[in-house]
Amino acid sequence: MNARVALQLSGVDRHYSQGDTFLSILKGADFTLRAGETVALVAPSGTGKSTLLHIAGLLERPDAGEVLINGRSCGTMNDEARTAVRRSDIGFVYQFHHLLPEFTALENIMMPQLIAGLGKSEAKERAAALLDYMRIGHRAEHRPSELSGGEQQRVAIARAVANAPLVLLADEPTGNLDPETAGYVFEALKALVRQSGLAAMIATHNHQLASLMDRRVTIEDGKVVEQA
Ligand code: ADP
Ligand code: MG
């Protein structure tokens with residue numbers, strides 16, 4: 001497959017110091033994600049999945065190495081420029097939805113679009129279309145507390161892709177859901193990737209769901225390793 005490279009990590013190092021102990025989490029990690037590709041990141045707790053996703057999503061800086069989004073090197077950018085790339089090119093989904101509790105599902109999905117400068121009616125139209133696409137159009141006017149866990153995560157995914165990013169990063173997005181609901185959420189996510197040509201990297205502990213992705217990778221000794 002020779003689709004455009006959406007995300008590239010090269011030689012990424014990340015360590016943490018805790019008191020006297022020095023934790024080397026990522027050690028020269030390399031990873032390439034192409035447009036239209038879905039990759040599952042399956043590795044035991046504590047191996048650095050969240051760290052890798054945060055670095056790829058420009059939420060954290062690596063101690064060494066390079067992060068390229070759509071061919072642009074983000075390592076030497078200042079925080080303002082990184083925020084701009086993050087807003088335009090990256091969608092992030094957390095294990096817990098992080099939706100704004102005082103706003104409806106529709107408004108939560110409109111928010112990033114309004115921040116990006118889109119008009120209110122356009123933002124609303126796209127938010128409604130995304131909710132329909134995730135099959136929760138009938139929940140548009142509900143607040144997060146009035147939604148089930150699976151519905152909350154589908155709203156969170158819709159919000160993450162509201163500005164049509166190039167890369168979707170999801171950190172155990174179905175970790176708190178029952179298997180059936182997790183299946184729905186994964187299906188919705190995959191369909192979205194197929195339809196939009198997005199590239200997605202999804203950390204999960206669920207091997208069955210991982211098997212639905214195009215590729216599987218793990219983290220071994222601080223490096224990203226391809227799996228069968
Ligand atoms: P995973 O998502 O695979 O469970 P993480 O990326 O969250 O792993 O963490 C990898 C390791 O780095 C863990 O041992 C964790 O305790 C440690 N770690 C993560 N963030 C910090 C931090 N801010 N300070 C110190 N140690 C951290
Ligand atoms: Mg984690």
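Visitor: What makes Ala127 a contact of Ile109?

Guide: Contact means heavy atoms within 4.5 Å. Leaving aside neighbours within four places in sequence, Ile109 is in contact with Ala127, Leu130, Leu131, Val155, Ala158, Arg159 and Ala162. The model is predicted, so local features need pLDDT of at least 70 and side-chain atom pairs count only at pLDDT 80 or more, while totals for chains, interfaces and linings use all residues. Residues are numbered from 1 along each chain as its sequence is written, and side-chain values use heavy atoms, leaving out hydrogens and water.

Visitor: Why is the set of 39 residues called a nonpolar core?

Guide: The term denotes buried Ala, Val, Leu, Ile, Met, Phe, Trp, Tyr and Cys residues joined through side-chain atoms within 4.5 Å. The largest such core has 39 residues, and Ile109, Leu131, Val155 and Leu168 have the most contacts inside it. Among the elements that each supply at least two of its residues are α3 (105-115) and β7 (167-171); the largest share, 7 residues, comes from α6.

Visitor: Why is strand β9 called largely enclosed?

Guide: Buried means under 20% relative accessible area, exposed over 50% and partly exposed in between, with a 1.4 Å probe and protein chains only. In β9 (residues 215-220), a strand being a DSSP run of E with at least two residues, 5 of the 6 residues are buried, so the rest of the structure largely encloses it.

Methods:
Chains lettered and ligands numbered in written order. Helix = DSSP H or I, 4+ residues; strand = E, 2+ residues; numbered from the N terminus.
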